[in-house]
Amino acid sequence: MSSYRPPHIPSSEITPKSVYLRRREFMGVAAGGLAMAAGAPALAAPLAAIPTKYTLDEKLTSKEDVTTYNNFYEFGTGKDDPAKNAGSLTTRPWTIEVDGLVAKPQVIDIETIMANYTMEERVYRMRCVEAWSMVIPWIGFPLASLLDQVEPLGSAKYVAFETLVRPEEMQGQAGIFQALDWPYVEGLRLDEARHPLTILATGLYGETLPNQNGAPIRLVVPWKYGFKGIKSIVKITLTEEEPPTTWNKAAPNEYGFYANVNPAVDHPRWSQATERRIGEAEGLFGGARINTLPFNGYADEVASLYEGMDLTKFY
Ligand SMILES: Nc1nc2c(c(=O)[nH]1)N[C@H]1C(S)=C(S)[C@@H](COP(=O)(O)O)O[C@H]1N2
Ligand SMILES: [Mo]
């Protein structure tokens with residue numbers, strides 16, 4: 001198969017919906033084993049050979065569910081709060097400060113990112129630590145490309161991420177009750193951050209990322225529990241030490257730094273062996289749960305990163 005060359009997406013627009021939907025149709029045809037179906041729309045570039053690790057032969061979660069059932073505590077703790085409240089977030093202008101152990105620290109404007117990085121579609125499973133999951137067609141680019149640009153020093157071992165603090169626009173950061181310590185912070189080991197599956201997402205379903213999903217730019221690490229996928233990022237820092245992470249600080253015995261999806265290690269308060277696929281019919285007694293896969297189904301790609309780790313233990 002020839003390699004997949006994603007189309008360049010100009011700064012002003014993520015793939016127009018019509019093109020995007022045609023592409024999906026084409027991908028469906030390609031997955032069925034036909035090089036080109038009669039009547040299939042003409043495409044400027046061949047799109048059939050998306051590496052299978054970047055797409056899935058699983059039903060997509062509806063856009064409605066992806067954009068209305070969210071965790072984004074800066075806008076409230078209810079699943080429907082982010083969709084209701086995140087409209088208040090101003091996402092332009094927006095910059096990401098990249099600093100720490102890098103040769104070329106810089107403040108990168110989101111418009112520069114949109115103009116300079118080739119966006120790709122990645123259809124990934126997302127498994128929340130709360131035992132529900134989705135299949136989401138992200139638009140984004142490898143985090144490794146951005147890291148290359150700032151040239152990490154040899155001493156850099158981890159990447160720390162930080163979300164915006166703006167209580168005027170994030171109502172979950174205002175008022176008496178604060179669900180978490182702000183800013184929301186996350187981190188990866190540098191090799192995890194550089195892994196080709198790890199992306200910064202700027203869109204989903206062929207459109208600009210909705211605010212409730214972490215606009216204008218958020219992390220997606222498909223083999224880890226969803227809380228690692230930090231939203232609305234304003235700062236990335238290369239460090240020598242393992243950085244603190246929000247949920248680990250809040251409950252260290254429940255949420256680890258690594259947080260790799262692992263059906264063999266239960267959360268102290270519930271099983272992680274199975275999951276509820278959002279939008280899929282459940283049986284009479286809440287059945288029809290599906291089995292959770294080690295590394296969320298990405299073991300072939302990422303298990304080698306964790307050689308020597310005891311996979312029956314909590315990390
Ligand atoms: N800044 C920030 N990022 C966040 C969260 C959050 O509350 N704040 N929630 C996390 C959790 S628990 C999950 S499951 C995913 C949900 O992403 P989605 O709403 O786009 O599906 O975002 C993660 N990123
Ligand atoms: Mo989550």
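**Exercise 1. Locate Lys231 and determine whether Lys231 is buried or exposed.**

Solution. In this predicted model, Lys231 sits in the loop between β9 (218–220) and β10 (233–239); strands are DSSP runs of E with at least two residues, and helices are runs of H or I with at least four, numbered from the N terminus. Its relative accessibility is 10%. Buried means under 20% relative accessible area, exposed over 50%, and partly exposed in between (1.4 Å probe, protein chains only). Lys231 therefore counts as buried.

**Exercise 2. Identify the surroundings of Lys231.**

Solution. Contact requires heavy atoms within 4.5 Å. Beyond neighbours within four places in sequence, the partners of Lys231 include Asn70, Thr163, Gln212, Asn213 and Arg218. A polar atom of the Lys231 side chain lies 2.9 Å from the backbone oxygen of Gln212.

**Exercise 3. Describe the position and contacts of Cys128.**

Solution. Cys128 belongs to the loop between β3 (120–127) and β4 (132–142). With a relative accessible area of 6%, Cys128 is buried. Not counting residues up to four places away in sequence, Cys128 touches Asn71, Tyr225 and Gly226.

**Exercise 4. Determine how the buried residues of α5 are arranged.**

Solution. In helix α5 (residues 143–150), the buried residues are Leu143, Ala144, Leu146, Leu147 and Val150. They lie on the same side of α5 because they cover an arc of only 160 degrees around the axis, taken from the directions from the helix axis to the C-beta atoms.

**Conventions.** Residues are numbered from 1 along each chain as its sequence is written, and chains are lettered from A and ligands numbered from 1 in the order in which they are written. Local features need pLDDT of at least 70, side-chain atom pairs count only at pLDDT 80 or more, and totals for chains, interfaces and linings use all residues, while side-chain values use heavy atoms, with hydrogens and water left out.

Terms used. A polar contact is a pair of N or O atoms within 3.5 Å; within protein, one must be able to donate a hydrogen and the other to accept it, and residues adjacent in sequence count only if both atoms are side-chain atoms.
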